[in-house]
Structures are given as structure tokens and as C-alpha cells.
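Thanks for taking a look at this one with me.

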Amino acid sequence: MRLLIAKYRHVFSVGLQSNIVYRWNFAMRAAFSLIHLAFVFILWRAAYQGETTIGGFSLHQTLTYFITLLVLQFFIGAFNEDYEISEEIRSGLINQFLTKPINYFVYRFTIFVSARLVSGLLALIPLILALPLIGEYLTFPPETWRLVLGLPAALMSALIQFTIAYIFGMLTFWFLEIQSFVILSMTIETLLGGQIFPLDLLPATIFRMSQFLPYYYQMYFPAAIFTGRIDYASAVQGLGIQAFWVLALLGIANFLWRRGLKEHTAVGG
Amino acid sequence: MADSALPSFIVLHYLKIWLASVRYSLVRSMMFRGDFIMWSMVEFFWMGVNVAAIAVIYQHTDSIAGWSQYEMLLLIGTSMLVQRLLMGLFWSNLFEMGRNIRSGNFDFFLEQPGHPLFMVSTRKIDLDSLLNVTVALAIVLFAVNKLGLSPSLGDIAIYVTFVGCGLVSSYAIVLLLASVSFWTIGTKGVESGYFTIYEFSRLPKQAFSGVANIIFVWILPTVVISNAPARALISGFSIPDAIWVLSSTLIWLSLGIVVFQAGLRRYSSASS
């Protein structure tokens, strides 16, 4: 076990270093996210004109939700892991993992964790600078259970985000380019992950249905726990469904990896 | 006589070049039919996301900055219309321009039988985006119908002119962003910044205040692009709007061309 941790600790430190190289890319991305946040502020402020609450939540609560979403995105969101994995498969770089005692999924996940640590911390910088402007809108509920349940939810969200990206990367075994699949899925994830509007604003039946899809657990779920948009019972029940999706997606990823390798060796002759 | 023959010859010359590009793009799209279908769907879905957002927000409120649900839909449809036209006609050309400048492949365009700006801007068209122009148009027509508007031919002509101006301004902004590559040698371009800015064209002008109002309404042409045409259909022709649209289009296009030309001079001298 100690050997195992030591092995991936090196991967983690290499991942950390190589991602620090891209610090300007992350910083630029964070800056663009702040401009997007300005869009969100203008839209929702205009929508709240003449309304004190929308869907039972105040303007401040809704804006807090979007700010939380932005922070979460840089800490747990998958960025271009799908393309990187796709590139490693296409270029044959994965061959080296087939002969070494390294699990490719764990290897990539370790790099993902180190990358998100870098991007998450970097994204905090422009956000802290913008704090004088947005600080007055931040309002978090006081209950401690939200932290206790929110953190594991965020961790499982990271796993779901990464595993979906990994699954798309696996498609490279069968398809030449995966970009259109990724972007098509991104539109669904953006909508059903709650990035356009908080999912609780959906009509009740559709909202209920969305809770059984993996997208709900990609971003909305932890953000909703932290910002007080769902109650204790829904949070506990949600964690159960989320755990199911983590296992299901891991199963699919493993299946595709095994099947894909058969294709891979067939091609590589 | 000779004076008028020359411009028409030039127009014909460029039209021929453009038609050749169209033919090439058509053939290419038909060769990669799967890609064409996939990308058409991608754009279609993104438009759906924006329409869904409006539908959901209006479940809970009656107006966004004084705009009703279908007025807002008309605004969003118009914003999409301009964007799809830009994507279909110019986007990938300008995006590749930045990349070509960085890689040195830009030389190729200097050898072609037309002005480099025309050649880089019109090399190919994206049929998937142009196909989605019809979807954007359908959204606009649906909103017009729901609002009970019956625009005259004149109103429609103004709408089309304003949308055309929006296309030209958007083109100018992307040209400016792509031209930055003449000066920077970074690995990544800033062309994608356009999407972040363009997002604001889906908002009504009345929603802006303070610094945001100065930046997005008065300095950048993002808000005018969609608001002016939509307003022209909803409440008819307005002279201030027309002045606003035309002057902003003219200023941004001039700026785009001047910066591109300056970059071009720099590129030529750098590669000689």
C-alpha cells in the first residue's frame, strides 16, 4: 500500500509541476470566467427586477450559487482531460503503461487531481481581487452539515467529471476524432449540470427526473448543498444516487478500456 | 464608362474567387458527412440551451429589464442569427489565420490572386453553421408571430440591414483579435475571447448599468448587434438606433482593417 502511494505520489508531483507551467492559461481562463460572471450578474439582476425571490431564493442566494459554481469548476471540473487521453491513445503513448505496473486510470486521475489543485488555487486569485465588488452578494447558510455532506459530494463530483472525460477519451479506440462528441455532451452537461440556471428552477417533474441523471451530480449537487438550495434529506438521498453513478461510470470506463485495448493491439499489429 | 467597368470587373473577379471557395467547402462537407451532421447537431443543441434558459427564467418572472418572454426570444434569435452567419462565413477562416501567422503558413495567402484580407476571410464556409442560420431565423419568426407583429417590407429591410451591420462588426472584432497574432508569439490565440464578449449580446440594453454599460453598450459593439435589429422589429425604425448601428459598424470595421494592414506590413517585413 505504501509503495502504491509512493508510486502515484511521484505522478502527482510531476503533474503539479507540469501544470504550474500552464499557469497563465489557467489565469486567463479564470479571467474569462469573471467576465462570464459579469454576464450572469447582469442577467439575474434584470430578472429579479420587481421580484424579491425566484424559485424561493433571493438574488443574493442565486448569485452566491453561481460564484460557488465558478470556484467548484476550477477545483473539480474536467477541462481537457478527454483530449489529452485521446492524444495519448492516438500517439501510442499508452503502450508504455501496458508493460508497467501502473494503472492508467489511477495515473490519469492523479494528474487530474494535481491539475485541479493548481487551477483551483489560481482561480481564487482573480476572485479574491474581485471580492470588493462581489463580496456583498455572498450569503452562505450557517448549518455545518452542509460542509460535512458537501465535501464528499464535491469529491464524488470530481470523480464523475473525470470519469466521463476518461470515457470520452476511450472513444478514440473506435473513432478518429472525439471533439464533436465532447462538445455535444458538453451542451447537455452545461444545461443539466445547472450551469445555465439552478436546476431547482426547472418544472418540478423535470427537476425530479434530472436527479436520476449523472449530470445533476457533476456540479449542481455540491453547489446546491453549499449554498442552501437543497435540504438535508435530499442531500443524503442525493449522495446515495451519486455514489451509484460513480460506481456505474467507473464500471463503464473499465469496460471500455479493456475492450479498447483489444482494438488497440489489433491496430498496432 | 471605363470608370464603372473597372469596379464591376473587380467585383466579378472576387465573386468568382468566393464561388470557388463555396464549391470547395461544399465538396469537403459532402466528403465528411458524419462530421457535418455532428457539428450541425452541436450548434443546434447550443441554441436549444439558450432558448431553454429563457423558457425557465420566464417561468418565474414576467420581464427581464422590461422585455417580455417573446421579446427576449426575438433578441436571442437575432443574436444567434448574427453569430451563425459569422460562424458560417468567417469564423474558421479568421481562427486559422491566427494559427497560420504563428506557424508561418500565412505566406500561402500572400501569393493568392486577391487582397490577403479577402483571401484569408473567405477561404471556406461552414455549411453546418449556415444550416443553423435557418434555425435562428425560425426562432425569430416564431417570436415575431407570438408577439403579434406584422412588420412592413421597410421594417424587414431595416432588420436585415442591422443584422448585416452586426455581422460586419462581429467580423471586425474577431479580425482584431486574430490580428494580435502578428505581434505576439504565444502558443495560444485570444480569438476565443470573442465568445466571452459575444455572450452579452443576448442581454437587453436596459439591463446594463455603470461600468458594464460603458464597456458593453457604448465601447464594444456587442449589445447594439442584437438589440438594434430586435428593437426595429418590435417598435419600428428609430433614427438614434440607426446612427448608433452604422457609426459603430464603420468604426469597428475601420479599426479591424487598419490593425490587420499594420500587422500585414509587420509580417512581410519580418519574413523577408
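**Notes for a first look**

1. Let's begin with the core. The largest nonpolar core has 136 residues, and B:Leu74, B:Leu86 and B:Val174 touch the most other members. Helix H3 of chain B (residues 69–103) gives the most to this core, contributing 18 residues. Please keep in mind that this is a predicted model.

2. Leaving out residues up to four places away in sequence, B:Leu74 touches B:Val140, B:Ala143, B:Val144, B:Leu147, B:Ala230, B:Leu233 and B:Ile234.

3. Now for a pair of helices in chain B. The axes of H3(B) and helix H6 of chain B (residues 127–146) come within 8 Å and cross at roughly 165°. Angles over 145 degrees count as roughly antiparallel, and H3(B) and H6(B) are therefore roughly antiparallel to each other. Their crossing is left-handed. On the H3(B) side the residues that meet H6(B) include B:Leu73, B:Leu74, B:Gly77, B:Leu81 and B:Arg84; on the H6(B) side they include B:Val133, B:Ala136, B:Leu137, B:Val140 and B:Ala143. The residues of this contact divide into 15 nonpolar, five polar and two charged.

4. Another pair in chain B is helix H7 (residues 153–179) and helix H10 (residues 222–235), whose axes come within 9 Å and cross at roughly 180°. H7(B) and H10(B) are therefore roughly antiparallel to each other. From H7(B) the contact takes B:Asp155, B:Ile158, B:Tyr159, B:Phe162, B:Val163, B:Gly166, B:Ser169 and B:Ser170, while H10(B) supplies B:Ile225, B:Ser226, B:Ala228, B:Pro229, B:Ala232 and B:Leu233. By type, the residues of the contact of H7(B) with H10(B) are nine nonpolar, four polar and one charged.

5. Helix H6 of chain A (residues 104–129) packs against helix H8 of chain A (residues 145–170) at an angle of about 125°, with their axes 11 Å apart. That makes H6(A) oblique to H8(A), and H6(A) passes H8(A) in a right-handed crossing. The contact is made by A:Phe105, A:Arg108, A:Phe109, A:Phe112 and A:Arg116 of H6(A), together with A:Ala158, A:Phe162 and A:Tyr166 of H8(A). Among the residues of this contact, six are nonpolar, none is polar and two are charged.

6. How many residues does each chain bring to the contact between chain A and chain B? Chain B gives 26 residues and chain A gives 25 residues. On the side of chain B that touches chain A, the elements that give two or more residues are helix H2 (33–57) and helix H8 (193–198) of chain B. H2(B) gives the most to that side, with 12 residues. The residues of the side of chain B that touches chain A divide into 18 nonpolar, five polar and three charged.

7. Two loop residues are worth a stop. B:Ala65 sits in the loop between H2 and H3 of chain B. Most residues other than glycine have a negative phi. B:Ala65, although it is not a glycine, has a positive phi of about 50°. B:Ala65 is partly exposed, with 18 other C-beta atoms within 10 Å.

8. The other is B:His115, found in the loop between helix H4 (107–110) and helix H5 (116–121) of chain B. B:His115 is partly exposed, with 13 other C-beta atoms within 10 Å. B:His115 and B:Lys205 are 90 residues apart in sequence and 37 Å apart in space, C-alpha to C-alpha.

Terms used. Residues are numbered from 1 along each chain as its sequence is written. Chains are lettered from A and ligands numbered from 1 in the order in which they are written. This is a predicted model: local features need pLDDT of at least 70, side-chain atom pairs count only at pLDDT 80 or more; totals for chains, interfaces and linings use all residues. Axes are lines fitted to C-alpha atoms, for helices over the stretch in contact, and angles run from 0 to 180 degrees between N-to-C directions. Helices (H or I, at least four residues) and strands (E, at least two) are DSSP runs, numbered from the N terminus. Angles under 35 degrees count as roughly parallel, over 145 as roughly antiparallel, 65 to 115 as roughly perpendicular and the rest as oblique. A crossing is left-handed if the near helix is turned anticlockwise from the far one by less than a right angle, and right-handed if clockwise. Two residues are in contact if their C-beta atoms, placed from the backbone, lie within 7 Å. Ala, Val, Leu, Ile, Met, Phe, Trp, Tyr, Cys and Pro count as nonpolar, Asp, Glu, Lys and Arg as charged, and the others, Gly among them, as polar. A nonpolar core is a set of buried Ala, Val, Leu, Ile, Met, Phe, Trp, Tyr and Cys residues joined through C-beta atoms within 7 Å. A residue is buried if 20 or more other C-beta atoms lie within 10 Å of its own, exposed if 12 or fewer, and partly exposed in between; C-beta atoms are placed from the backbone.
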